[in-house]
Amino acid sequence: MPKITAVGWVRVVLRGLTLATLVFGCLGILLLVRLIERPLFGVQRPWTPFITQFVCRNAFRIMGFGFSSTGTLMTERGAVVANHSSWLDIFALNARKRIYFVSKAEVANWPGIGWLARATGTVFIKRDPKEARTQKTVFEERLLAGHKLLFFPEGTSTDSTRVLPFKPTLFAAFFAPELRDKLNVQPVTVIYHAPKHQDKRFYGWWGDMDFGRHLLHVLAASRQGRVVLTYHTPVAVRDFENRKALAAYCEHVVREPMLEHIG
């Protein structure tokens, strides 16, 4: 990434302080509301997701980031699957739809992001076969409660210009006898358009890239790019023979707009 200029550092400070005030100020409000929400509704969250959406929508405004989406949001009970390119996906996917992320357990211990993830109802999973049964039970509980769980089936983030093969493992929970005939899955394609004259991978965050450094460069950008979400037609889980068939279908649908974007 290019060196941040003096003017860029001014943008980092102004945007960063404003963004931090928004995020952590609303986090405090969310936690207070959750104190009332939890004993009254348990796993249900009728109020706090609106706070999360407010934060994510305004985060893009603070950064000067363009945001748009196409397609119809799924109203049926079920899950959402999307390609994973950046930490910005959290803001993009929460801005339009009330969802709950499924994330690797390590994220829970990340400063800042981990706190936000726990507060907003993220489901943390361990990549350990011994935990598979427990995690499947948690998925079933949340899905039956009407939560829209969002999965990143690639298993890792990319450089924002491609879609990796979808791992079918996480799709297994959808085929539990209690869920298969009740759930739908909506594929979503997330596409980032880099700022003018910047590398097309500008917003991609992958491999061993440092989060703090990447965040600083995004905040320092003189003119931001934009993100476009494409919500594809939901499909019924019962229409697929098994998890591998469903994963392959979702992968194909999500990848098509990316191929058109890259050309």
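Reply: Two strands are said to pair if DSSP finds at least two bridges between them, and the elements themselves are DSSP runs numbered from the N terminus, with helices taken as H or I runs of at least four residues and strands as E runs of at least two. This is a predicted model, in which local features need pLDDT of at least 70 and side-chain atom pairs count only at pLDDT 80 or more, while totals for chains, interfaces and linings use all residues. Residues are numbered from 1 along each chain as its sequence is written, and side-chain values use heavy atoms, with hydrogens and water left out.

On one side of the account, β2 pairs in the parallel sense with strand β5 (residues 149-151) over three bridges, and V80 has L150 as its bridge partner in β5. Strand β2 also pairs with strand β6 (residues 184-193), again in the parallel sense, here over five bridges, and the partner of G78 in β6 is N184. How many residues of strand β2 are buried? Taking buried as under 20% relative accessible area, exposed as over 50% and partly exposed as in between (1.4 Å probe, protein chains only), five of the five residues of β2 are buried, so this strand is largely enclosed by the rest of the structure.

From β6 the pairing can be followed to strand β7, residues 226-231. Strands β6 and β7 pair in the antiparallel sense over six bridges, with H193 bridged to R226 in β7. Five of the six residues of β7 are buried, and the strand is mostly covered. As background to reading such strands, side chains in a regular strand alternate between the two faces of the sheet.

Most residues other than glycine have a negative phi, and most peptide bonds are trans. In the loop between β5 and β6 lies S160, which is not a glycine and yet has a positive phi of about 75 degrees; S160 is buried, with a relative accessible area of 1%. T158 is placed in the loop between β5 and β6 as well, and it is buried at a relative accessible area of 1%. Counting contact as heavy atoms within 4.5 Å, and leaving aside neighbours within four places in sequence, T158 touches H84, S85, L164, G204, W205 and W206. H197, in the loop between β6 and α6 (211-220), also has a positive phi of about 75 degrees without being a glycine, but H197 is exposed, with a relative accessible area of 75%.

Helix α6 leads on to the helices. Two packed helices are described by the angle between their axes and the distance between the axes; here the axes are lines fitted to C-alpha atoms, for helices over the stretch in contact, and angles run from 0 to 180 degrees between N-to-C directions. Helices α1 and α6 pack at an angle of about 105 degrees, with their axes 7 Å apart, and they are therefore roughly perpendicular to each other, since angles under 35 degrees count as roughly parallel, over 145 as roughly antiparallel, 65 to 115 as roughly perpendicular and the rest as oblique. The contact joins G8, W9, R11, V12, R15, G16 and L19 of α1 to L216, V218, L219 and A220 of α6.

Helix α1 (residues 6-41) also packs on helix α2 (residues 48-63), where the axes come within 9 Å and cross at roughly 175 degrees, which makes α1 roughly antiparallel to α2. Among the residues of α1 that meet α2 are L22, C26 and I29, and those of α2 include F54, V55 and I62. C26 is buried, with a relative accessible area of 12%. With a disulfide taken as a pair of cysteine sulfur atoms within 2.5 Å, a search of the whole structure finds zero disulfides, and for C26 the nearest cysteine sulfur, that of C56, is 10 Å away.
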